[in-house]
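This report looks at salt bridges and at one helix that takes part in them. Please keep the structure in view while reading.

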Amino acid sequence: MNKLTADDLIYGYINGIFPMADADGTLYWYAPDPRAVIPIHSYKPARSLRPILNQQRFDIRVDADFEQVMRYCSLPRSADDSTWISEEIIEAYTELHRMGLAHSVETYMDNRLVGGLYGVSLGAAFFGESMFHHVNDASKVAFHYLIMTLREQQYELLDTQFINDNVRRFGAVEIPKADYMKQLKSAIRKKARFTENAFEHLFRNHAGD
C-alpha cells in the first residue's frame with residue numbers, strides 16, 4: 001500500500017472519510033454513521049471553566065508547534081491503551097499543516113506546552129482530530145479558543161467524528177451520515193480562513209460567554 005499523503009487526506013475529508021491506524025500501524029478509513037459534530041454557535045464553556053478563562057492562566061498560541069501537539073496526542077492515555085496516531089499519520093498531517101490546511105491550538109504555562117488540539121481546515125469546515133493535556137483544563141481552554149476562532153472566521157461545521165464523553169461535554173451531538181454529508185458539501189464550498197488575527201481581543205471578549 002502506498003504511503004499516506006496530504007493529498008490522500010484532502011480527498012478523504014472532502015468525501016467524509018478519515019484514517020486511523022491500528023495497533024500494528026495498518027491504516028483504515030472510517031465514515032461513521034451517525035456522525036458526531038459540535039454545533040459551533042450553541043457551545044458555552046462549563047461554569048467551572050469560566051474563572052480559568054477570566055484569569056488567563058494559559059498563554060494561547062496557534063500553529064507554534066503543530067508536530068509536537070500531534071506527538072503528545074499520540075501518546076497512550078493509559079498502560080493498556082493503544083494509539084491510532086501512527087508515525088505515518090503524523091508525517092501526513094504535518095505535510096498538510098505545511099500546506100496551511102491543518103492547524104493546532106496550543107496552551108502554554110511558563111513557556112511550556114501543556115495542552116492543545118489539532119485538526120484539519122477545508123473551506124468553512126474544521127475537522128477536530130485529537131487533544132491532550134498535561135495540566136488540568138489546558139485542553140478545555142484550547143478547545144474554547146478553537147470555538148471562538150471558528151465563530152469569528154464564520155466556519156459552519158465542526159466535525160468530531162465519533163461521539164464519546166470527551167466531546168459530549170463540549171456539546172457534541174450525533175447526526176445521520178446523510179445530513180452530515182449535506183452539511184459537509186455546503187461548508188467546503190465556502191471560504192473561511194483559520195487565522196490568528198486579534199488573539200488577545202478574541203480571548204478576552206469571549207472568556208465569560
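In this predicted model, R168 and D165 form a salt bridge whose closest N and O atoms are 2.9 Å apart. Both residues belong to helix α6 (residues 165-168), where three residues, about one turn of the helix, separate them. R168 is partly exposed, at 44% relative accessible area, while D165 is exposed, at 61%.

How many salt bridges does a search of the whole structure find? The search finds seven.

| Pair | Closest N and O atoms |
|---|---|
| R168 and D165 | 2.9 Å |
| E87 and R71 | 2.7 Å |
| E91 and K3 | 2.6 Å |

The salt bridge between E87 and R71 links distant parts of the chain: E87 is in helix α4 and R71 in helix α3 (residues 66-74), 16 residues apart. E87 is partly exposed, with a relative accessible area of 40%, and R71 is also partly exposed, at 27%. These two residues and E67 are linked in a network of salt bridges.

E91 pairs with K3 in another salt bridge. This pair also joins distant parts of the chain, with E91 in helix α4 and K3 in the segment before α1 (6-14), 88 residues apart. E91 has a relative accessible area of 37% and is partly exposed; K3, at 52%, counts as exposed because the cut-off is over 50%.

Helix α4 covers residues 87-98. Its 12 residues reach 17 Å from the first C-alpha to the last, close to the expected 16 Å. The buried residues of α4 are I89, I90, A92, Y93, T94, L96 and H97. Just after α4, G100 has a positive phi of about 85°.

Methods
Residues numbered from 1 in each chain as written. Predicted model: local features only at pLDDT ≥ 70, side-chain atom pairs only at ≥ 80, totals over all residues. Heavy atoms only, no water. Helix = DSSP H or I, 4+ residues; strand = E, 2+ residues; numbered from the N terminus. Expected span 1.5 Å × (residues − 1). Buried < 20%, exposed > 50% of the residue type's maximum accessible area, 1.4 Å probe, protein only. Salt bridge = Lys/Arg side-chain N within 4 Å of Asp/Glu carboxyl O.
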